[in-house]
Structure formats: structure tokens, C-alpha cells
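Good morning, everyone, and thank you for making time for this.

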Amino acid sequence: MRDKVAARRYARAITAYAESSEELERLVGELSEFASVFAESAELRGAFLHPAIPDDRKRNILKEISRKMGLSEKCVRSLAVILSKGRIKLIQDIAESFSEMADEKLGRVRVNVTSAFPLSENEIKKLEKTFSN
């Protein structure tokens with residue numbers, strides 16, 4: 001429970017850090033992408049979470065990965081703070097909380113449609129049009 005609270009605190013700070021809706025959108029995608037890479041790479045998790053690896057080495061790894069991923073400077077700075085505070089293991093929760101907060105700030109509501117039978121392409125398009133307004 002404490003980890004979720006911490007994740008929301010970091011997400012709230014990143015939300016406040018974004019200066020425009022476009023930047024907010026970009027950060028949502030970048031944090032989500034980084035969280036996926038972190039989750040999928042045992043080697044990356046090991047490097048970031050191992051206490052014997054010096055912090056400057058961890059920062060250099062972050063910079064290199066961020067460069068290869070094409071992450072924005074704001075995303076890299078946010079990740080650097082999360083890493084320096086020893087909270088990188090929360091990146092998935094932070095990314096999810098940030099996405100929810102961004103949706104709220106942008107006035108979006110996510111919906112899931114459940115159907116008792118398969119929908120046709122036409123029905124799917126009608127639903128997408130209905131909920132995109």
C-alpha cells in the first residue's frame with residue numbers, strides 16, 4: 001500500500017511538471033514505454049536495483065537507454081529523480097498512476113465495452129465514434 005502512495009506522489013509531481021497537454025501526452029507514452037522496457041529486461045532491473053552498482057553508473061545507464069529510446073528531456077529528468085530516490089522499482093505503478101492523472105487532467109474517460117457476442121467492424125466503429133466525442 002505504501003508503494004502505491006509513493007507511486008501516486010511521483011505521478012502527481014510529473015503531472016505538475018508537464019507544461020502543456022501535448023507534453024502530458026508525450027510523457028504518458030514515454031513513461032509507459034520505459035516501464036515496459038524495465039519490466040521486460042531482467043538485466044536492466046538488475047543494474048538499477050543492485051546496491052553494489054554506483055549511482056553514477058546507474059545514471060549513465062539511464063542516459064544511454066533514454067537516448068536510444070528517444071525520450072524527452074523532461075522524461076529523462078523525471079526518471080533520474082525516481083532512480084536517485086531508489087524508487088525505480090515502482091516505475092510501472094508510477095506510469096499507471098501518471099496515465100490516470102493525465103487522463104483526468106485532459107478530461108478523458110477510459111471505457112471498456114463487453115459484449116455477449118462478437119461485434120462486427122461496423123459496430124466497433126460506431127462504438128469508437130460514440131465514445132470519442
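How many helices and how many strands make up the secondary structure of the protein chain? There are seven helices and zero strands, where helices (H or I, at least four residues) and strands (E, at least two) are DSSP runs numbered from the N terminus.

Before going further, a word on the source. This is a predicted model, in which local features need pLDDT of at least 70 and side-chain atom pairs count only at pLDDT 80 or more, while totals for chains, interfaces and linings use all residues. Residues are numbered from 1 along each chain as its sequence is written, and side-chain values use heavy atoms, with hydrogens and water left out.

On the overall fold, the C-alpha trace spans about 55 × 35 × 30 Å along its principal axes. Of the 133 residues, 33% count as buried, meaning under 20% relative accessible area with a 1.4 Å probe, protein chains only. If we take contacts (heavy atoms within 4.5 Å) between residues at least 6 apart in sequence, 67% of them join residues at least 24 apart.

Now to the packing. Two packed helices are described by the angle between their axes and the distance between the axes. Here the axes are lines fitted to C-alpha atoms, for helices over the stretch in contact, and angles run from 0 to 180 degrees between N-to-C directions.

Helix α2 (residues 21-40) and helix α6 (residues 91-105) have axes that come within 9 Å and cross at roughly 160°. That makes α2 roughly antiparallel to α6, the term being used for angles over 145 degrees. Their crossing is left-handed, which is to say that the near helix is turned anticlockwise from the far one by less than a right angle, with clockwise giving right-handed. Among the residues that meet are Leu24, Leu27 and Phe34 in α2, and Ile91, Phe98 and Lys105 in α6. The residues of this contact divide into eleven nonpolar, four polar and one charged, with Ala, Val, Leu, Ile, Met, Phe, Trp, Tyr, Cys and Pro taken as nonpolar, Asp, Glu, Lys and Arg as charged, and the others, Gly among them, as polar.

The other pair is helix α4 (residues 55-69) with helix α5 (residues 73-84), whose axes come within 11 Å and cross at roughly 155°. That makes α4 roughly antiparallel to α5, and the crossing of α4 and α5 is right-handed. Lys58, Arg59, Leu62 and Ser66 of α4 make the contact with Val76, Leu79, Ala80 and Leu83 of α5, and these residues comprise five nonpolar, one polar and two charged.

Key
Angles under 35 degrees count as roughly parallel, over 145 as roughly antiparallel, 65 to 115 as roughly perpendicular and the rest as oblique. Buried means under 20% relative accessible area, exposed over 50%, partly exposed in between (1.4 Å probe, protein chains only).
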